[in-house]
Amino acid sequence: SVSRGLGDVYKRQDLLSVTVIAKDYGKSAKWLNNFLKEHQIQFKQGGIWLLYKEYAEKGYTSTKAHTVNGNDGKQHSKVNTYWTQKGRLFIYALLKSEGILPIMEQEQIA
């Protein structure tokens, strides 16, 4: 059906890179990935961040493949992990439990 197809498009648009989420906190993607690794939420395999099983089935992330031009002049497929809105809320709660708030909330407190 057409509506299901549109739903898929919207779902894809709701996917956020770790860079976008980290920026909310004034942090880098590297910092956030390491934070999630240290808290045993995710691990790196074959250059891709994947969630541990207990988190993997909760709909927090989705992987997307895209094409990149390699140094060899050929096109290569690269897979990245993106976070859903549900995953973003999970990260928010996790960081908040550690006393780390988004910049917007830090400014409201100050």
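Predicted model: local features only at pLDDT ≥ 70, side-chain atom pairs only at ≥ 80, totals over all residues.
**Entry 1, the pocket.** I looked up the largest pocket first, and its volume came out at about 230 Å³. I counted 15 residues in its lining, and those that lie nearest the centre are Val 18, Asn 33, Trp 49, Asn 80 and Thr 81. I then asked which elements supply the lining, and found that helix H2 (18-24), strand S1 (42-45), strand S2 (48-51) and strand S4 (75-83) each give at least two residues. The largest share belongs to S4, with six residues. Sorting the lining by class, I noted seven polar and six nonpolar residues, together with two charged ones.

How do the axes of H3 and H5 cross? I found that the axes of H3, residues 29-38, and H5, residues 85-97, come within 12 Å and cross at roughly 80°. An angle from 65 to 115 degrees counts as roughly perpendicular, and I therefore describe H3 and H5 as roughly perpendicular to each other. For the contact of H3 with H5, I recorded seven nonpolar residues and no polar or charged ones. On the H3 side these are Trp 31, Leu 32, Phe 35 and Leu 36, which meet Ile 91, Leu 94 and Leu 95 of H5.

My search for salt bridges returned two in the structure. One of them joins Asp 24 to Arg 88, with the closest N and O atoms 2.5 Å apart. Because Asp 24 lies in helix H2 and Arg 88 in helix H5, I note that this pair ties together parts that are 64 residues apart in sequence.

Definitions and conventions
Residues numbered from 1 in each chain as written. Heavy atoms only, no water. 1 Å grid on protein atoms, 1.4 Å probe; cavity = no way out; pocket = protein on both sides within 12 Å on 5 of 7 lines; lining within 4 Å. Points joined across faces, edges and corners; volume = space filled by probe spheres on them. Helix = DSSP H or I, 4+ residues; strand = E, 2+ residues; numbered from the N terminus. Nonpolar A, V, L, I, M, F, W, Y, C, P; charged D, E, K, R; others polar. Axes fitted to C-alpha atoms, helices over the stretch in contact; angles between N-to-C directions. Parallel < 35°, antiparallel > 145°, perpendicular 65-115°, else oblique. Contact = heavy atoms within 4.5 Å. Salt bridge = Lys/Arg side-chain N within 4 Å of Asp/Glu carboxyl O.
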